[in-house]
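Visitor: Could you show me how to read a protein structure, one feature at a time?
Guide: Gladly! Let us look at it together.

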Amino acid sequence: MIVRAMDEVKVVDWGNGTSHRYLLASDGMGFTICRTVVRAGTKSRLEYRRHLEACYCVSGEGQVITADGADSFEIRPGMMYALDQHDAHFLIAAPHTDLELISVFNPPLSGDERHILDGDKFSHY
């Protein structure tokens, strides 16, 4: 059995927010669970080339937009989105509040991955 309190998790600042990583590859469960906080008013170019990700919104508001801008989806509490094709995307937090998500990654993260958000390419790991 694995039990972790908030002060026992790996916290990674990924540029436009933080990732609180509760379950990692070293735990042997085959997936990662994170609490992801996206800072209010930020826009991030993201892509997971080696992981699939599903996110459940627990608070705040924002948008996820396809890389080509063709599709845009509003994100608010109670909604889920899944990046089932390693989709490059924009993740945008509303200007007035942080966006808080529960994220699940498969395969699991090692724990030290972080985005590099400088430049005009999609940050990936």
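**Reading the features**

Guide: Let us begin with the cysteines: the sulfur of Cys34 lies 8.9 Å from the closest cysteine sulfur, which belongs to Cys55, and that is too far for a bond. Please keep in mind that this is a predicted model.

Visitor: How far apart may two cysteine sulfur atoms be in a disulfide?
Guide: The cut-off is within 2.5 Å. For Cys57, the nearest cysteine sulfur is again that of Cys55, 9.5 Å away, and Cys57 is in no disulfide. Searching the whole structure gives 0 disulfides.

Visitor: Is Cys34 buried or exposed?
Guide: We call a residue buried when its relative accessible area is under 20%. Cys34 has a value of 1%, so this residue is buried. Cys57 also counts as buried, at 1% relative accessibility.

Visitor: What about the strands: how do they pair in a sheet?
Guide: In general, the strands of a sheet pair through backbone hydrogen bonds, either parallel or antiparallel. Here you can find an open sheet of 5 strands with mixed pairing, in the order β7-β6-β9-β4-β11. Its edge strands are β7 (72-75) and β11, each of which pairs on one side only.

Visitor: How many bridges join β4 to β11?
Guide: There are 2 bridges between strand β4 (residues 43-47) and β11, and these strands run parallel. To spot the place on your screen, look for Glu47, which stands opposite His124 in β11.

Visitor: Now the surface, please. Which residues form a nonpolar patch there?
Guide: The patch consists of Ile33, Tyr56, Val58, Met80, Ile102 and Val104, with about 470 Å² of accessible area together. The elements giving two or more residues to the patch are β5 (52-59) and β10 (99-106). Ile33 lies in strand β3 (residues 32-38). With a relative accessible area of 30%, Ile33 is partly exposed.

Visitor: Can we turn to the backbone? Which peptide bond is cis?
Guide: Look at the bond from Asn106 to Pro107: it is cis, with omega near -5°. Pro107 sits in the loop between β10 and β11 (123-124).

Visitor: And what is the phi of His86?
Guide: His86 has phi near 55°, a positive value in a residue other than glycine. You will find His86 in the loop between β8 (80-83) and β9 (89-93). Its relative accessible area is 32%, so His86 is partly exposed.

How values were computed. Residues are numbered from 1 along each chain as its sequence is written. This is a predicted model: local features need pLDDT of at least 70, side-chain atom pairs count only at pLDDT 80 or more; totals for chains, interfaces and linings use all residues. Side-chain values use heavy atoms; hydrogens and water are left out. Patches are made of residues with over 30% relative accessible area and no salt bridge: like charges are joined within 9 Å, nonpolar side chains (Val, Leu, Ile, Met, Phe, Trp, Tyr) within 5 Å. Accessible areas come from the Shrake-Rupley method with a 1.4 Å probe; for residues, only the protein chains shown count as cover. A salt bridge is a side-chain nitrogen of Lys or Arg within 4 Å of a carboxyl oxygen of Asp or Glu. Helices (H or I, at least four residues) and strands (E, at least two) are DSSP runs, numbered from the N terminus. Buried means under 20% relative accessible area, exposed over 50%, partly exposed in between (1.4 Å probe, protein chains only). Two strands pair if DSSP finds at least two bridges between them.
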